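My notes are kept in the order of the look-ups.

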Amino acid sequence: MAPLEAAEGLLRSLAEARSYAQARRRTWSRWSTGIRLLMFTVSALATITLGLATTDAWGKVGFVLSALVTSLTALEPFFNWRSRWVDADEALAGWYDVEEDLRRLVETSPEAALTHSEVERLYKRYRKIWNDWSASWVSARRSTD
């Protein structure tokens, strides 16, 4: 395979990796934000309900809402959506950097001067980002079990 073909293959891999990371990032962002907003809403309702409690019924509703807040608060650390969202952002930034360096290399080098070692160096950076992201995910999952 010619170095230029290897560079084009790496560009395709980078595009696929970014697409995957962007989709996962959106999902984790939505879950993290949704749970936080739900916790805030239920907490506010519990506080208001307990403040309005002049009968046993309102007091019971307030205590149920408080119990829900406690339960919801346990979900975010378990699923760790925010951390995964941030990890996806870091991976995306790294892949954009590798892609920019690769495009610059291909655009500024005559085809005959482009070498496998230059493309391989960038491929190793690409793989390191994948490996770091995977290791971070596994580490986060181990800490929540």
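The entries below cover the basis of the notes, then the salt bridges, then a tryptophan.

**Entry 1, basis.** I am working with a predicted model, where local features need pLDDT of at least 70, side-chain atom pairs count only at pLDDT 80 or more, and totals for chains, interfaces and linings use all residues. I number residues from 1 along each chain as its sequence is written, and side-chain values use heavy atoms, with hydrogens and water left out.

I searched the whole structure and found six salt bridges. I counted a salt bridge where a side-chain nitrogen of Lys or Arg is within 4 Å of a carboxyl oxygen of Asp or Glu. Side chains of opposite charge can pair when their charged atoms come close.

I looked up its partners. One of them is aspartate 97, with a salt bridge of 2.8 Å from N to O. Arginine 125 is in helix H4 (residues 116–144) and aspartate 97 in helix H3 (residues 81–108), so this pair ties together parts 28 residues apart in sequence. I took helices as DSSP runs of H or I with at least four residues, numbered from the N terminus. Arginine 125 also meets aspartate 101 in a salt bridge, at 2.7 Å from N to O. Aspartate 101 lies in helix H3 and arginine 125 in helix H4, so here the parts tied together are 24 residues apart in sequence.

I then checked accessibility, where buried means under 20% relative accessible area, exposed means over 50%, and partly exposed is in between (1.4 Å probe, protein chains only). Arginine 125 is partly exposed at 25%, aspartate 97 is partly exposed at 36%, and aspartate 101 is partly exposed at 28%.

**Entry 4, arginine 103.** I found a salt bridge from arginine 103 to glutamate 99, with the closest N and O atoms 2.8 Å apart. Both residues lie in helix H3, four residues apart, or about one turn of the helix. Arginine 103 is partly exposed at 39%, whereas glutamate 99 is buried at 10%. I also noted that Arg18, Glu99 and Arg103 are linked in a network of salt bridges.

Is tryptophan 28 buried or exposed? I found it buried, with a relative accessible area of 5%. Tryptophan 28 sits in helix H1 (residues 3–52). Leaving aside neighbours within four places in sequence, I listed its contacts (heavy atoms within 4.5 Å): Trp81, Arg84, Trp85, Ala88 and Trp133.

Notes. Helices (H or I, at least four residues) and strands (E, at least two) are DSSP runs, numbered from the N terminus.
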